[in-house]
Amino acid sequence: MRSGGTTWLRAAVLLLLLVSSSAVAAEGSSKTGSKAHNYEEALRKSLLYFEAQRSGRLPHGQRVPWRDHSGLTDGLEQGVDLVGGYYDAGDHVKFGLPMAFTVTMLSWSLVEYGADVAAAGELAHALEAIKWGADYFVKAHTKPDELWAEVGDGDTDHYCWQRPEDMTTSRQAYKVDRENPGSDVAGETAAALAAASMVFRDSNPHYAHLLLHHAQQLFEFADKYRGKYDSSIAEVKSYYASVSGYKDELLWAALWLHRATGRADYLDYVVDNAHDFGGTGWAITEFSWDVKYAGVQILAARLLLRGEHTAAQRETLERYQAKAEHYVCACLGRNRNTDDDDESSNNVERSPGGMLYIRQWNNMQYVTNAAFLLSAYADYLSDAGVQTITCAGGETADAGEVAALARQQVDYVLGDNPRGVSYLVGYGAKYPARVHHRAASIVPYKHSKQFIGCTQGFDHWFGRRSSNPNVLVGAIVGGPDRKDRFRDDRENYMQTEACTYNTAPMVGMFAKYNKMARDEREQRLATARSPVTSAAAEV
């Protein structure tokens, strides 16, 4: 009787603990306004977006029904085949630099989280998204020292509001070569193809070899004939000017080629040029299609954490790691100055709702790419058994905090924000309905093949107050301002235009958090089935 009474008491106490912990969790959830997200749905929808951005002849398996073939004569005037690739945003120019960065980040998503993408049943679609861009770059690389870096002209394109299927704007193509170098665009394309080669290594080794061959040639071209591509192609300056120059792309490409090949000479290049190229000098607080230094520093730090270096390279890699952790600490707001300078310049601003804020125009690109870098670095630290990092000024942060910030940014995108808006179009109950996107805002070509002229789209479609007739599922728009304010207006392109490089890093993030959420559910079920919990349930 006494033994039974003790068991009863133990079970009762455990039940009270379970109930109270559930209440605390519910209270905490209600205070933060957070909710469980369907990351698998978000992953599935994010990959659909890339099909909406396709240029060229669409395949039979095209899943976005309101798009049709477009840009079928691209390159014809220049005597090259430049059909295919992606439109970068809501217009119809094919800009090589942001397109290549998109493919790099899609590939990095699979390099790090490919198993999680496969577990969600989306590996085939992710591979298709990467291959659509990689195929285009193989075609655009017409000679070892020649790369076609742009198709279309931003000025004439922005003068019109048309569906891509009706395009009447210039399809002039622009290239970089020995006489007109473009080390930044060639370097980023080399990085993209090197990363993509890793993704296809097992499933399609011949294709992976082809991509790696082009990547190596492009890197040699970029390094041998140095120069900024916007000095060679004036038409790109108003849209995707290379503000950071080309040295970050050369380091970035060399690191990806080292990871893809294991060749020591690529790592030697990164170490030997660390100071002169700014790799160990620049303390950066953003990562984007233009500024790659934070990504370079994170990848270099990974090699240090894994011990993949020689003794002579260690000191330089430690300097890379110090700059990588400056970026991480900047996102956490932990960098402190030792002098009287303004600390805000060393840290990333946060909105009242917790969003990382860099600048007004398309801030979400910095949020999504930061989330990826933070997540990847937290994983690298965890794999190396490193629990804390030291920030400028001596404050510390642990790997768990870095990982938590990455997830908080992802959840902000999905709706955990003061407005309760999902900035991933098509996800959740409330998302932008008037995305600044020509094809999405006009009646589908397959429903009405009647030609819509250059200015006719402005007259009849652009100014409409109603929602877009086509939902641009999976797009991540520019997003809110520094005060979490957002105006869903087609004319408000700084906030409502979406770009491929906003969504690309989130493919990896959604896959990772879907796997984590699934593991958490399974752990809860296992706990519920345990003998101790069963005893509490009986009581």
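Are Tyr240 and Tyr501 buried or exposed? Both are buried, where buried means under 20% relative accessible area, exposed means over 50%, and partly exposed falls in between (1.4 Å probe, protein chains only). The model is a predicted one, so local features need pLDDT of at least 70 and side-chain atom pairs count only at pLDDT 80 or more, while totals for chains, interfaces and linings use all residues. Residues are numbered from 1 along each chain as its sequence is written, and side-chain values use heavy atoms, with hydrogens and water left out.

Rings of Phe, Tyr and Trp (its six-membered ring) are taken to pair if their centres lie within 6.5 Å; planes under 30 degrees apart count as stacked, over 60 as edge-to-face and the rest as tilted. By that rule, a search of the whole structure turns up 27 aromatic pairs. In one of them, the rings of Trp161 and Phe458 have centres 5.8 Å apart and planes at 45°, so this pair is tilted. It links distant parts of the chain, 297 residues apart: Trp161 belongs to the loop between helix H5 (154-159) and S3, and Phe458 to helix H17 (residues 456-462). Trp161 is buried, at a relative accessible area of 0%, whereas Phe458 is partly exposed at 28%. As for Tyr240 and Tyr501, their ring centres are 6.2 Å apart and their planes stand at 85°, so the pair is edge-to-face. Tyr240 lies in helix H9 (residues 237-240) and Tyr501 in helix H19, so the contact ties together parts that are 261 residues apart in sequence. Elsewhere, one aromatic cluster is formed by Phe101, Trp108, Tyr113, Trp252, Trp256, Phe287 and Phe372.

Helices here are DSSP runs (H or I, at least four residues), as are strands (E, at least two), and both are numbered from the N terminus.

Next, the strands. An open sheet of 3 strands runs in the order S1-S2-S3 with antiparallel pairing, and two strands pair if DSSP finds at least two bridges between them. Strand S1 (94-95) and strand S3 (173-176) are the edge strands, each pairing on one side only. S1 is joined to strand S2 (residues 147-151) by 2 bridges, and Phe95 stands opposite Glu150 in S2.

On the charged side, the whole structure holds 35 salt bridges, counted when a side-chain nitrogen of Lys or Arg is within 4 Å of a carboxyl oxygen of Asp or Glu. Asp81 and Lys139 form one of these, with the closest N and O atoms 3.3 Å apart. Asp81 sits in the loop between helix H2 (39-52) and S1, and Lys139 in helix H4 (residues 123-140), so the bridge ties together parts 58 residues apart in sequence. Both ends are partly exposed, Asp81 at 43% and Lys139 at 31%. Asp223 and Arg226 come to 2.7 Å in their salt bridge, and they too are partly exposed, at 22% for Asp223 and 40% for Arg226. Arg306 and Glu308 also meet at 2.7 Å, N to O, with Glu308 partly exposed at 31%.

Salt bridges also link Glu51, Arg54, Arg63 and Glu128 in a network. A charge counts as sitting over a ring if NZ of Lys or CZ of Arg is within 6 Å of the ring centre and within 35 degrees of the ring normal. Arg302 likewise lies over the face of Tyr380, 5.9 Å from the ring centre.

Finally, the backbone. Most residues other than glycine have a negative phi. Asn362, though not a glycine, has a positive phi of about 50°; Asn362 lies in the loop between strand S5 (356-357) and helix H14 (364-384) and is buried at 4%. Asp484 has a positive phi near 70°, sits in the loop between H17 and helix H18 (493-496), and is buried at 4% relative accessibility.
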